[in-house]
There are 2 protein chains.
Amino acid sequence: MTQARVRLFEVCLRDGLQNESAMVPTDVKIAIAERLVDAGFEDIEITSFVRPRWIPQLADAPEVARRLNDRFRDEPVRLWALVPNAIGLERALDAGMRNVATFLSASETHNLKNVNRTVKESLAGLETVIGRAKAEGLGVRAYVSTAFGCPYEGWVDPKQVRRLAFALRDAGADVITLGDTTGMGHPAQVQSMVESLVEKGLPIDDLALHFHDTRGTAVANAWTAYQAGVTRFDGSVSGVGGCPYAPGAAGNASTQDLVHLFERMDGEQEPPEGKGPVTGIDLAKVGEIGRTLEDVLGRELTGRYHQYWKGHLQRKAKTA
Amino acid sequence: MTQARVRLFEVCLRDGLQNESAMVPTDVKIAIAERLVDAGFEDIEITSFVRPRWIPQLADAPEVARRLNDRFRDEPVRLWALVPNAIGLERALDAGMRNVATFLSASETHNLKNVNRTVKESLAGLETVIGRAKAEGLGVRAYVSTAFGCPYEGWVDPKQVRRLAFALRDAGADVITLGDTTGMGHPAQVQSMVESLVEKGLPIDDLALHFHDTRGTAVANAWTAYQAGVTRFDGSVSGVGGCPYAPGAAGNASTQDLVHLFERMDGEQEPPEGKGPVTGIDLAKVGEIGRTLEDVLGRELTGRYHQYWKGHLQRKAKTA
């Protein structure tokens, strides 16, 4: 049985690093991006054009963007940058970005704390930003954050999530990404959300899901969403990034956990060596990038497959 | 919508501790068992009657068993001990056990390395052990280990798993537990296995699943199995226990990850306080037991919900 191709969107350099306290040198970020391309990723979020003092870890955004866009100008890889507003978009354009991701939150409190605007104000701003980005011929992703729960408000109304998803779509966004910002999503909730969006007319190919593994549900959520037809998922190498609301908790869905999940759907007992037929990603190469990130960040990363793979190699080395 | 009740079987004191290098004092084990009962568990695997030199961590099996069976003689909790063979069963009976769990592996190599017998020899032995245990009026569980993959052989034939499950059932086992011994199970595989067992006549209420989170699939596997009708799952508090085949990798499915999953099926954004209506388990009390286990073992435990819950409390304490 041929399975639907899964398109992974790698966020370790942006969502990952912005939640790590360590400052990663620009040259290291460039080298990691090059290795991500080599490992098979075709969509990589490389940085964020927020104000440098908000997220000092990503203050080198213009340089990272310029160097990587030059480097990969003629290669089949899309580099993405987060832009919070019109100023961010202009900075991203100046730095040569060809794809941008915008964001707002589905919950008022989270949106206010995150960007100091009401959701309504954010949406109006993004409509302008997305319009301008599309006029410039950019690829545009729009995140609806806290789509499965808010760390301040708890429950988030799925109707509000749907309303924002369609408004951003109408504004011109190519892909709508529902962000489970603090890992509150449950598979039953994910299934119902995906089904209702599709029922109301969102093309499933234009929907992406961004999970966090804070409460251990990321892989179950991804598997449930895939069964409902979703093929776009965000991941972060080895689970780089944490949760700002719970020190020590897991962060983004770990890329290797997702690759392992999707490369074994056909009844294989082990994921294949080299680039997998479903994701196009080489698990071992991602593992090596994860080890580099551990060295750079000075801490163990918590992705399950990552830890298994490291332990497996360690044991093989001992018994060899 | 009323959801099927989930029956969790707690293995931290047996499968958990046998994979930890620390020696836990008998009094601590007794105290943890008492707190598990207080947290709502009705089935607790307390120890193993294997040869003490095989698993020195559980060498106090007779004392643990005697004390706990005395302590809970009149309470609605079932205490279980693992017995590898007829000698183990006699020792368990001598120590007052009223429920025992037997085991064999579905893969020849794992069975040989684990108990130095062929699968056929093991099955013949277990038929005698189960017959004797049932004649004594004991409750009997039978594990089929490596049911979703073998660390030596890789793929395990589902037909062999089914054959062993029905043979153990015919021998008199009340519950058949499929063990994903080293966390190789994939949700597609779990679904197909459960469906085929039910189709061939195994009552779904008599099937339990024992997952490990080595590759991050434990929660996805449990959710998939629940959708297919399974209501019995093994868990280990905070994920106590590791994987002997990959140092540093995650061990048993974390009990809190399972409780969180099953207590949020009805669309709740947070699991309830106190004992949950689906599992009967009090998540906060389990979290406190996990913290005690971290102190006793001298290491951080890796259960996702456990780490989230600890970080959440830590942050609340800071901002209070």
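The face of helix α2 of chain A that is turned away from its buried side carries the exposed residues A:Asp27 and A:Asp38. The model is a predicted one, and in it the buried residues of α2(A) are A:Lys29, A:Ile32, A:Ala33, A:Leu36 and A:Ala39. Seen down the axis of α2(A), these buried residues fall within an arc of 120 degrees, and therefore they line one face of the helix. An α-helix has 3.6 residues a turn, so residues three or four places apart point the same way.

The partners of that buried face come from several parts of chain A: the buried residues of α2(A) pack against the strands β1 (7–10) and β2 (43–48), and also against the helices α1 (12–18), α3 (61–71) and α11 (283–297). The length of the helix can be checked as well, because at 1.5 Å a residue the 14 residues of α2(A), residues 26–39, should span 20 Å, and the end C-alpha atoms are 20 Å apart, which agrees. Just after α2(A), A:Gly40 takes a positive phi of about 115 degrees.

Taken as a whole, chain A has 12 helices and eight strands, and its C-alpha atoms fill a box of roughly 60 × 40 × 40 Å along the principal axes. For 320 residues a compact globule would have a radius of gyration near 20 Å, and the 18 Å of chain A agrees with this. Buried residues make up 54% of the 320 residues in chain A. Among the contacts in chain A between residues at least 6 apart in sequence, 72% join residues at least 24 apart.

Where the two chains meet, the contact takes 41 residues from chain A and 41 residues from chain B. On the side of chain B that touches chain A, the elements giving two or more residues are α8 (187–199), α9 (218–227), α10 (255–263) and α12 (304–319) of chain B. The largest share of that side, nine residues, comes from α12(B), and by class the side has 17 nonpolar, 16 polar and eight charged residues.

How is chain B related to chain A? Chain B can be laid on chain A with an RMSD of 0.0 Å by a turn of 180 degrees and a shift of 0.0 Å along the axis, which is the relation of a two-fold axis. In chain B the C-alpha nearest this axis is that of B:Ala220, 2.0 Å away. Because 100% of the interface residues of chain B are also interface residues in chain A, the copies meet through the same surface.

Key: Residues are numbered from 1 along each chain as its sequence is written. Chains are lettered from A and ligands numbered from 1 in the order in which they are written. This is a predicted model: local features need pLDDT of at least 70, side-chain atom pairs count only at pLDDT 80 or more; totals for chains, interfaces and linings use all residues. Helices (H or I, at least four residues) and strands (E, at least two) are DSSP runs, numbered from the N terminus. The radius of gyration is taken over C-alpha atoms; the globule rule is 2.2 Å times the number of residues to the power 0.38. A residue is buried if 20 or more other C-beta atoms lie within 10 Å of its own, exposed if 12 or fewer, and partly exposed in between; C-beta atoms are placed from the backbone. Two residues are in contact if their C-beta atoms, placed from the backbone, lie within 7 Å. Ala, Val, Leu, Ile, Met, Phe, Trp, Tyr, Cys and Pro count as nonpolar, Asp, Glu, Lys and Arg as charged, and the others, Gly among them, as polar. Copies are superposed by least squares on the C-alpha atoms of residues with pLDDT of at least 70 in both. The expected span of a helix is 1.5 Å times one less than its number of residues. The arc is that of the directions from the helix axis to the C-beta atoms.
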